[in-house]
Amino acid sequence: MIVIRGTYLAPMEDVDAVRADHVGWIGEHTASGAVIAAGRTTPPDGSVLLFSGADAEAALLLLGDDPYVTAGVAEYRVEAVFAPVVHAHGFERFAA
């Protein structure tokens with residue numbers, strides 16, 4: 001699994017202007033299984049995304065097409081790549 005941290009580079013109104021497109025993009029990649037979970041941090045200065053697999057470079061390459069990135073309002077970095085050993089029941093389907 002890959003933990004990605006997003007950081008906003010623009011004022012919140014600029015981020016929010018692109019948010020619907022970003023959420024749609026995230027939805028497509030959640031449906032495909034690439035993104036397991038994603039959400040805005042508190043305070044709202046960025047986001048955290050959890051990707052399946054262990055190829056951090058592929059995750060960052062995919063994020064290059066995120067509307068937040070193409071609009072220049074966010075950037076992403078890999079926080080961690082790990083293999084879950086202990087997890088809640090049912091989570092194993094995401095641990096591939």
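Start by selecting Glu79 and Arg77: these two form a salt bridge, with their closest N and O atoms 2.8 Å apart. Keep in mind as you click around that this is a predicted model. Glu79 counts as partly exposed, at 43% relative accessibility, and Arg77 is partly exposed too, at 43%.

**The other salt bridges**

How many salt bridges does the structure hold? There are 3 of them, so let's visit the rest.

Select Arg40 and Asp16 next. They form a salt bridge whose closest N and O atoms are 2.8 Å apart. Arg40 sits in strand S2 and Asp16 in helix H1, so this pair ties together parts that are 24 residues apart in sequence. Colour them by accessibility if you like: Arg40 comes out partly exposed at 27%, and Asp16 is partly exposed at 37%.

Now jump to Asp45 and Arg5. Here the closest N and O atoms of the salt bridge are 3.2 Å apart. This is another link between distant parts of the chain: Asp45 is in the loop between strand S2 (35-40) and S3, while Arg5 is in strand S1, 40 residues away.

**Along the S2-S3 loop**

Stay in the loop between S2 and S3 and pick Pro44. Pro44 is partly exposed, at 42% relative accessible area. Show its neighbours: leaving out residues up to four places away in sequence, Pro44 touches Tyr8 and Met12. For a sense of scale, draw a distance from Pro44 to Pro67: their C-alpha atoms are separated by 18 Å, and the two residues are 23 apart along the chain.

**The aromatic pair**

From Pro44, hop to its contact Tyr8. The structure holds 1 aromatic pair. It is made by Tyr8 and Tyr68, arranged edge-to-face, with 5.9 Å centre to centre and 90 degrees between the planes. Which parts of the chain does this pair link? Tyr8 belongs to strand S1 (residues 2-8) and Tyr68 to helix H3 (residues 67-70), so you are looking at a link across 60 residues. Both tyrosines are buried.

**Into the core**

Tyr68 is also your way into the largest nonpolar core, which has 17 residues. Select Ile2, Ile4, Leu49, Phe51, Leu63, Tyr68 and Tyr76 together: these are the residues with the most contacts inside that core. Where does the core get its residues from? S1, helix H1 (12-31), strand S3 (46-51), helix H2 (56-63) and S4 each supply at least two. H1 gives the most, with 4 residues. As background, nonpolar side chains tend to be buried together in soluble globular proteins.

Zoom in on Leu63 and show what surrounds it. Not counting residues up to four places away in sequence, Leu63 touches Ile4, Trp25, Leu49, Phe51, Val69 and Tyr76.

**A histidine in H1**

Go to helix H1 and select His29. Is His29 buried or exposed? At 15% relative accessibility, His29 counts as buried. Its contacts, again without residues up to four places away in sequence, are Ala34, Val35 and Leu62.

**Between S3 and H2**

Next, find Asp55 in the loop between S3 and H2. Asp55 is partly exposed, at 45% relative accessibility.

**Last stop: a nonpolar patch**

Which kind of surface patch do they make? Leu60, Val78 and Val81 form a nonpolar one, about 200 Å² in area. Val81 lies in strand S4 (residues 74-81), and Val81 is partly exposed, with a relative accessible area of 43%.

Key: Residues numbered from 1 in each chain as written. Predicted model: local features only at pLDDT ≥ 70, side-chain atom pairs only at ≥ 80, totals over all residues. Heavy atoms only, no water. Patch = residues over 30% accessible without salt bridge, like charges linked within 9 Å, V, L, I, M, F, W, Y side chains within 5 Å. Areas by Shrake-Rupley, 256 points an atom, 1.4 Å probe, with all protein chains shown as cover. Salt bridge = Lys/Arg side-chain N within 4 Å of Asp/Glu carboxyl O. Buried < 20%, exposed > 50% of the residue type's maximum accessible area, 1.4 Å probe, protein only. Phe/Tyr/Trp six-rings, centres within 6.5 Å; stacked < 30°, edge-to-face > 60°. Core = buried A, V, L, I, M, F, W, Y, C linked by side-chain atoms within 4.5 Å. Contact = heavy atoms within 4.5 Å.
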